[in-house]
Every structure is written in structure tokens, then in C-alpha cells.
Amino acid sequence: MGNTHSLDITGTLTEDLAENLAKINAIMGKNNEMIQREIIIGGKYGQTACFLYLDGLIDKRTISDFILKPLQNIAVDEEKITLENISKSFISTVEIEEAAELKVIINRLINGFTVLLLEGNAEALLIETRGWEKRSITEPSTEVVVRGPREGFVENLQTNIALLRRKLKHPDFTLERFVVGRYTQTNVAVVYLRSLADPNVVKEVKKRIEKIDIDGIFESGYIEQLIEDNPYSVFATVGNSEKPDKVAAKMLEGRVAIMVDGSPIVLTVPLLFVETMQSSEDYYSRPYYAAFVRLIRYISLFVSVWGPGIYVAIICFHQELLPYELSLTISTADINTPFNAVLGIFILGIIYEILREAGVRLPRPAGEAVSIVGALVIGQTAVAAGIISAPVVIVVAGTAIASFVTNPLTDSGTMYRIIFLILAGVLGGFGILIGSMFFFGHLLSLKSFGVPYLAPILPTYSLRDTIVRFPLWMLDKRPTYLATSGSKHRQAKNQKPAKEAKT
Amino acid sequence: MKKHVIFALLVFLLLFALVGCWDSVEISDMIIGIGTAYDFTEDGQIELTVEILMPSKQEQGYSVETKTITVKGATVIEAVQNLSKVTNNQFTWAYDQVLIIGEELSKQPTNIYIDSWNRSHYIRPDVYITISKGPAKDILNVENKDSLNSQAKEIANLMKGQISRGNGFSYTILQKDLFSDMMTEGAAAILPIIELNEKKEVELAGLAVFKDNTVVGELDSTETRGLLLARGLLQSSVFLVKDKTETNLVVLNLLGLKQKYQVKEKDGKVEIIIKLEVKSAIREQIGYEDILQKEQIDWLNQALAELIKAEILTTWEKEKELKADVLHLGQQINRYKPKIWQKLREDWPENIQKITLSIEVKTQILFQGDINYPIQYKN
């Protein structure tokens, strides 16, 4: 276990039990949940032993059944009882270790171990007795699929690792642990497939995690923000997922996963632009519709980022681009509305964001009320009262829906949508062109852990899994820009389903 | 880094000096000019009549009413600017459907009215241009209260169908066609003529012919179709021919027309051959003869070829009479025999007389429709 943040404790145990207890008590302080229990084991040469554990982190039945009972039932014996024969003969839990340094002892204690101190021994037995309430594995609400596994990660790191391990049963599955956070002492695991992942990326991930030195890590989002390549960019360069199958598939492409104890969101690096357009379901369903849906996502991205901007540019600067009848429809709908197009879209956009935020934060029944109020009051009444024109509502609503299709880009898309709206309002189509130039220039300049963000489009590699998805048997090449080591082919040559031979 | 950011921002700000929101106008604030008519007044001014749309919001969708505004000015642009006397002058001409030139104005040199159409980008190059019989403003001023469409829109609809579904009564000329005709050597520009009939409806009335910057004459409907045939522009038409027995009337429908010019020169005499391949189908037969016999079909083919030749020749006669090259023969001489054209171009309108025109027509009847013989009573 790589200790990024070892506790600032020095000193070792002595052979005096009372002194040892005093030392531990001094470190832990008085007002905590630490339970001490003294027992005497072995009648004839009765030795005092002492248990220490933190209430709430341990499973009391484990302690009583597998530690307390065997120890108290030690028969009167000629021999002196040592820690070694206790651990070898009596204690029947799986994980057990001996340590003398206070640092290690305290570390284990706060992680749910039980510490057994024995009179006359300068070492302590550390017995794994962890046990606390956890959430069971459920379907993640953020990445719902129609077809595909329903399980999602939970808050417990061990469970998450097990979930992932069950998907990738291979000795190359490599896991490296870190402890991050001065006070939270959060366990972080870096997981990758040794034979596929780029060693440089793995090295870089480890380096960046080791560099983190903050008070607390409560969610993988903390790690994400502290290790990303372009902290000023609107675009995320670290991916995340709640689904073990998705993370496993990404690891098969040579990515590195970062799991954080206490968070069901697992990070994957490097993140590419095309990845944000993919869904695990694309690969589970047959290629034709999957390819079409992929195309729809790209169209949605275009609508969600450029939609309001283009509308404003046409309405305010390039009216001649509208067909005759459409220009009449829009101009009559716009008549007598108090705001101009830019302001109208801006106000409605803000109202939409407020509604969305309210819907997310409020408890579900209240959230429904909010959506009804939003849809009816804002949408219908505002149009009927002539405050906002119907085309503006259509544009804002259409963009909002489109922005949910490209889910990982919803937040960065919203930012750019506002930029394009303002540019279009000031400069018209020219502004949109300038904005797009910056937009694409920025995308081209981004890198995620050394991999260009727009790969495999620019620089160009195999495009079979970008704007459309080719059939699985045609996706034979591994993305070599991600998985630098290992074979270049991820499947045998003959994977195209052949017709049954004539008999 | 900081320096770079400031530099980038400054460069970005410079862009605002190039363009900006000064010409940003909301579409709902704009006045949509849907049709424009140009007349020449007795005191030598241009009279501009604009049909503008006044759309209004309805329970569902919109309704449109139109009205016309007439202003005067020394030139077209001055007249346009004078529109601000009665409106806020936020016009959009992007939806202008038709430009109508009044009869009086058409007799004036074109340069007094067409310059601004071409110079500004506000008028689309694909707007229809017509010449009216009588004042152009009368055509736009017709009240059409029952119709949602404006008068200009109706004229545009009328023009739109002429090429693909018309009968060769007229030809659609867009603004860009007019200018390209005017700029081509050895090619006279033409414009369709519209007039109001007794029921105050807009009707097509042949083509107007330009020469030396002014309209010099008109082609009637036969001459118009002759022109379209000779230039291979006709896409849809019907021809009435008699069968061999002279008792049956057969209507042939044009299916396809291929046209080719051939320019020959011998001893200084220029001969232009117009080669036509006409494909047609029988659409109607009045009478009971069996016209599907080979000799009958041959006869019909022959009759159709004669008819086409005759029509082209009437146009040719008109061309010689007007001394305006509506058949664009000069352009063909220039294309195929540029050296000869150098000699002829100086005095081309007079030299038209020296050209020999011959016409070769190949006709082919492809179909006879769903029945072979006319239905007759057997009792």
C-alpha cells in the first residue's frame, strides 16, 4: 500500500501494556469511540491482554466469535502465550498482521481493525474486523441502459474492485493502492491491465495522485480536478462512469481506471472526445441502428452548442436565409414580444437552468411539481401572454433536450452555447465562425494524459468507431494511441460470421 | 502567458471594428417588401411601388395582408430612400418575388433603372423580372382580399410553373438571366410581359425584346414558342397536327427536346443550322382513324417537324424585322467561328439579314397513351 499521506506519528510499542495503552490514548484523544477491553488469557500464567477498536467500524460478531471466544477458551497451559501462537492457533479471522510501529497500528485502527495488545510484548496483533453498513449494488441512475448489465458501482472500494475483477478475470489485472487526504485518509486504487495500458500513462497517473496533498477526498471528482491536464478548459479530460462493464471495456482499450473509496463514480484516463459520444449500448445492439444513433448524437451536439447562436444570427442578421413562409411564421410570432431574440433566449435559457437545477435538487415529488410549473407556466403562459415568442421556446427546449443526448458534454456544451449566443448576437454569422474557430482550435490543443483529445479523428487513426460504429467483427484493431503495449489486434482475423457450409 | 492572453484579446476586439451589431435588425421589426414595380412618370421621374406584407398573429399561425406604397424619386435608390417618408425604412428585400417594369419605363434606356438591382446584395439574383403592359403599379395595386398570397406572390407562382409545365406562352427570366443576356455579345435580352385581363387577373402576354438598351418589340405566343424551340429551352408544350386523312386532329405532347447549333461558312456566307430532336407522345385524338399505322405515324412526325420549322421561321422573320438577335445566333457564330464574328460584330443588327438559317427537325413519337384506338359506341 503506497502511503501518500502517512499519519504524522512516530514511536514504537514497548513491553509494558499500560504504557502502550497510554501512548495510543494520547494519540487518539479522550473523546472518541475507541473501545478498550481488557481480558486475561491463560489461567496459570495469566496474562493481561487488551483489545482496542473503534465502535461503528467493526463487526461485533466477528470480534466476539472469532477473537474473544477462542482466546478466553485457551486452556491452562504450561507454555507461555505469545502473540505468534495466538495468531497462528486461536484467532480465526483471515487477515491478521503484527506490527510494532504506532503509525501502522493507528492506521489500522482507524480503518476498522481490532488491535490486540499483550502484556510483555512489544508488538501488537492487528486483526481485520471491518464491518459497516453499505448500500447494495443497484442500477446506476446516471447511465441507464435498455440492454446491458444493470449493476453499478457502490461506495465501497473493495466491492467496486470485486465488481471490476469479475469482468476482467486475467492475471494482468493490476491494482495499486494509495492513501490520499490528510484527514480523510481515503483509499484510492489505480487499476489497469498490465499488458495493454501505456506504462507512461500509468506512471503519470501515479505521479499526479502522489502529488495530491489536501485535507480531504470525498468523491472521485476531487481527484479528477486535481489530476486533469487542462484545469482552465471547459472540457473534461478525465472520464467517469458508474458501470463496471463500461470501465472494463475502457480498460481493454488501454485506459487506466482510478477508484476512490466512498464514491460510486470511477474515473478513467485518458478521455477522448469520441468517448463522450459513445454509450456502452452502442456495442451491445446491432450495428445499423447503433451507427444511426451515434450520428444522432453528433447532430444533437451540434444543435445543443450552435442551435441558439445560429437562430439568433439568422433572425438578427441573415433573415434572407429563411424560406419565405418560415420568415412570416417567425416574424408574426415575434411581433409584440418585449425582448429581442438574444435576450429572449438568454432569459428563457436561465429559467430553464433554474428549473433543471430545482428538479435535480428537490425531492422527487416536489421535482415533479417543478416540472409541471415549468412546462405549463413558463412554456405555455409566457407564449400566450406574448412575453416570449414561440420559436424562442422551441429553440431553447430543443437545445435543452439535445444537450442531454450528449450527456458527458452537457456542462461544457452549455458554456459554449452561451458564448455562441453572445457572439451571434453581436457579430451574427461572422461571430459564429470566429467562435467555432476558437472552439475547434481549443479542442485540437487539448491533451488528456499525453493523448490528443480529438484522436482518432485528428490525428487520424482508424475511424471505424467514431461517427458511426462499424460491426464488431470489423473493429479488429486495438486503439494503438491508447494501448501502446500488447498485440495490435483485439480479435482473430476470422470473426466475420460465416454462412453455414453447405452439406 | 499573460501577455499572450492580452494580445489575443486585443486581436479579438479588433474584429468588432470590422463588423458589429449596427446592422442587427430583428426580423419582426422588418418590413418585408414582397414585390416592386417601377414606372416612368411624365416629369421624368422614377415611380416606385412596393407591395409590403403586413402579417398579423392569429390564434394559430398567422394571416397576411398586403398594401402598396408608391413613392417617387429621380433615381431608383432615391425613390427607395423616399420610402422613409411613410415607413420606418427597415426594409428587407430578401423576399422580393418580382420586379415589374412599367411599359413607359421599358421604352427608356435600361441603365436608368437596373443599376441598383445589381449593385446591392439585398435583391436576390433569382427574382423574377417582368414587363407590364400599362403602368406597373396597376398590376400590384389589384385588390385580392380573398387570397392569403400577395399579388407579387401570385405573379411569382405564375412564373414559376412556366418553364416546366407551361405551353411555351412565355419564358421565365430571373434577374441573373437578364444581366447575363445583356452582357453577351450577339444575344438580345428578352423579358416576359404580363398584363391585367378584364377580370383584373394577371395574364402572360408573350415576350418583350430588348435592343440597344430599350424594348423595341414584342413576340406573340407563336413567336415565343418558336424562340424557345430554336434555342432548345422548351420543356413542356403540346402541338396540334392533322393526320394523313386530314380529318383527325392529333395532340402531341412534348417529352424531350435536344437542340444543337451548327455554324457553316462558305464564300463569306454564314449558314446556321439549328438541329432539333423532338420526342413526343400522343395525348389526344379527335376522330376515329387508326393513327398507329406506320405511314400515319410517319405522317404525324412529318407534320410536327413542319409545324416546328414554321414556328421557328416566324420568330426568325421577326428577328430580322426587329434587328434584334433573339435567337442568339451571333453568340453561336462567336463560339464556333470567332474569326468571322470579328467581321460581323461591328454592325451585327444589320448583318443578321446576311445569315442563312436552316432548321433540321427529327421527330419521334414514343407513346400513344393507355389506349390504342379512340373509344367508340358499337350499338
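## Chain B overall

The model is predicted. Chain B contains 13 helices and 13 strands. Its C-alpha trace spans about 90 × 65 × 60 Å along the principal axes.

Of the 379 residues in chain B, 47% are buried. Taking the contacts in chain B between residues at least 6 apart in sequence, 65% join residues at least 24 apart.

## Lys243 in chain A

A:Lys243 sits in a loop of chain A, with β8 (239–241) on one side and α8 (244–252) on the other. A:Lys243 is buried, yet has no salt bridge. The nearest side chain of opposite charge belongs to A:Asp245 and is 4.2 Å away; a salt bridge would need the side-chain nitrogen within 4 Å of a carboxyl oxygen.

Leaving aside residues up to four places away in sequence, A:Lys243 touches A:Pro140, A:Glu143, A:Val145, A:Pro149, A:Glu151, A:Phe153 and A:Ser280.

## Helices α11 and α15 in chain A

Two packed helices are described by the angle between their axes and the distance between the axes. In chain A, helix α11 (residues 287–316) and helix α15 (residues 390–405) have axes that come within 8 Å and cross at roughly 150 degrees. α11(A) is therefore roughly antiparallel to α15(A), since angles over 145 degrees count as such. The crossing of α11(A) and α15(A) is left-handed.

Which residues meet where α11(A) and α15(A) are in contact? From α11(A) come A:Arg297, A:Ser300, A:Val303, A:Ser304, A:Pro308 and A:Tyr311. They meet A:Pro391, A:Val392, A:Val395, A:Thr399, A:Ala402, A:Ser403 and A:Val405 in α15(A).

Terms used: Residues are numbered from 1 along each chain as its sequence is written. Chains are lettered from A and ligands numbered from 1 in the order in which they are written. This is a predicted model: local features need pLDDT of at least 70, side-chain atom pairs count only at pLDDT 80 or more; totals for chains, interfaces and linings use all residues. Side-chain values use heavy atoms; hydrogens and water are left out. Helices (H or I, at least four residues) and strands (E, at least two) are DSSP runs, numbered from the N terminus. Buried means under 20% relative accessible area, exposed over 50%, partly exposed in between (1.4 Å probe, protein chains only). Lys and Arg count as positive and Asp and Glu as negative; His and the chain ends are not counted. Contact means heavy atoms within 4.5 Å. Axes are lines fitted to C-alpha atoms, for helices over the stretch in contact, and angles run from 0 to 180 degrees between N-to-C directions. Angles under 35 degrees count as roughly parallel, over 145 as roughly antiparallel, 65 to 115 as roughly perpendicular and the rest as oblique. A crossing is left-handed if the near helix is turned anticlockwise from the far one by less than a right angle, and right-handed if clockwise.
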